[in-house]
Amino acid sequence: VEIGNALRHAIRLAELSLHYQPRASVQGGAAVTVGMEALLRWDGQLLGRVAPSEFIPLAEQNGLILQIGQWVLERACHQAQAWRARHGAALPVAVNLSARQFRDADLVRMVEVALQSSGLPPHLLELELTESMLMQDARRTRRTLAALKAIGVRLAVDDFGTGYSSLSYLKSFPLDYLKIDRSFVAGLPQDRSDAAIVRAIIAMAHTLGLKVIAEGVETAGQLAFLRAQQCDEIQGYWFSRPLAVADMETYLGRPG
Ligand code: G
Ligand code: G
Ligand code: MN
Ligand code: NA
C-alpha cells in the first residue's frame, strides 16, 4: 500500500488521533502539571501504526499537512476546552505546526476558527514552531507571529539548539517559550558540553524574557540539574509519557 494514498483517507476514516504529554513546572518544589503537548498518532486500517516522523514529512511534501494540521488544531482546542469544563483544569495545550502550515496564508484564520468554534480561551493555546521555520523569511515570520500574538495565543520555539537561530532575530520575535531539544538533555548531568550548552540556553532565554522548557527529561539526575539551572518547566518520560485520551482523563482526575 502506498503510504501517501493511505494517508489521504486517514482523516475521513478517523484513523488519526492525538495523544497528550503533560509537562510540569519544577521551580516551586514539587512538580506541578502546567500544560500538555498534543502529539499526532496514525493507526491505519492498512498500514497499522505509522510514526509521525515518517508520515509528517510525507504530508509536508504532498500538501496533506494543511488538512491534517487543521484537524489537529480543531481537535486539540476542542479537547482542551472539554477538559477545562470537566476538570476545571485550565491546562494550556501545545500544538506543533509544520513549515508549510506556518507559511500558509490561511493559518491565522484557521487558528481563530479553532478557538472560536471550541470556546477555548486563546491564552490556553500554544503553537510550537521550529527554529528553521522562524529563520526562513524573517519579515514574513515577524508578520505572522504578530498576527498570532494579537489573537492571544502563546508561541514556543521547539527543538531549540538543533537549528541555526540568529539571536538578534529571536530577540525581535514575540515569543513566550523556548523548548530545549532533548538531544542536549540526554547527556545531563555528566556530559560537559551538554551541560554547558543547556546552561547557556537557559541563561540566554531568560535574558530575552522567555520561559524555558526542557524536553526528553527521563531521569532524576537530569531533573536536578535543570532545577539547579533555573529551568522553568520539564517534559519527558520522568514526569509522564504521552497519554491516549482515556489515560489523560484518568491522569486529570487523579488527586493532587
Ligand atoms: O510523538 P513523537 O515523538 O513520535 O513525534 C515525532 C515528531 O512528530 C516530533 O518532532 C513532533 O514535533 C512531530 N509531531 C507530532 N505531532 C505533530 C503534529 O500534530 N503536527 C506536526 N506538524 N508535527 C507533529
Ligand atoms: O519534536 P517534538 O518536541 O515535538 O517531539 C516530541 C516527541 O518527543 C514526542 O514524539 C514524544 O513522544 C517524544 N518524547 C517525549 N518525552 C520523551 C522522553 O522523555 N524521551 C524521549 N526519548 N522522547 C520523548
Ligand atoms: Mn513539539
Ligand atoms: Na522538540
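Helices (H or I, at least four residues) and strands (E, at least two) are DSSP runs, numbered from the N terminus. The model is predicted: local features need pLDDT of at least 70, side-chain atom pairs count only at pLDDT 80 or more, and totals for chains, interfaces and linings use all residues. Residues are numbered from 1 along each chain as its sequence is written, with chains lettered from A and ligands numbered from 1 in the order in which they are written.

**Exercise 1. What pLDDT does the chain average, and what ipTM does the complex get?**

Step 1. pLDDT is the predictor's confidence in each residue, from 0 to 100. The chain averages 94. A score of at least 70 is reached by 99% of the residues.

Step 2. For the complex, the predictor gives an ipTM of 0.96 and a pTM of 0.96.

**Exercise 2. Check the length of helix α10, then find where its buried residues lie.**

Step 1. The expected span of a helix is 1.5 Å times one less than its number of residues. Helix α10 covers residues 192–207, which is 16 residues. The expected span is 22 Å, and the first and last C-alpha atoms are 23 Å apart, close to that value.

Step 2. Sort by burial. A residue is buried if 20 or more other C-beta atoms lie within 10 Å of its own, exposed if 12 or fewer, and partly exposed in between, with C-beta atoms placed from the backbone. In α10, Val198, Ile201, Ile202 and Ala205 are buried.

Step 3. Look down the axis of α10. Its buried residues fall within an arc of 95° (taken from the directions from the helix axis to the C-beta atoms), so they line one face of the helix. An α-helix has 3.6 residues a turn, so residues three or four places apart point the same way.

Step 4. Turn to the other side of α10. Arg192, Ser193, Ala196, Ala200 and Thr207 are exposed there.

Step 5. Find the cover. Contact means C-beta atoms, placed from the backbone, within 7 Å. The elements covering the buried residues of α10 include β6 (154–160), β7 (177–180), α9 (182–185) and β8 (211–214).

Step 6. Read on past the helix. Just after α10, Gly209 has a positive phi of about 80°.

**Exercise 3. Repeat the length check for helix α3.**

Step 1. Helix α3 (residues 65–87) has 23 residues, so at 1.5 Å a residue it should span 33 Å. Its end C-alpha atoms are 32 Å apart, which agrees.

Step 2. Its buried residues include Ile65, Val72, Arg75 and Trp83. Just after α3, Gly88 takes a positive phi of about 60°.

**Exercise 4. Is Tyr164 buried or exposed?**

Step 1. Tyr164 sits in the loop between β6 and α8 (167–172).

Step 2. Tyr164 has 7 C-beta neighbours inside 10 Å, so it counts as exposed.

Step 3. Not counting residues up to four places away in sequence, Tyr164 touches Glu131 and Met135.

Notes. Contact = placed C-beta atoms within 7 Å.
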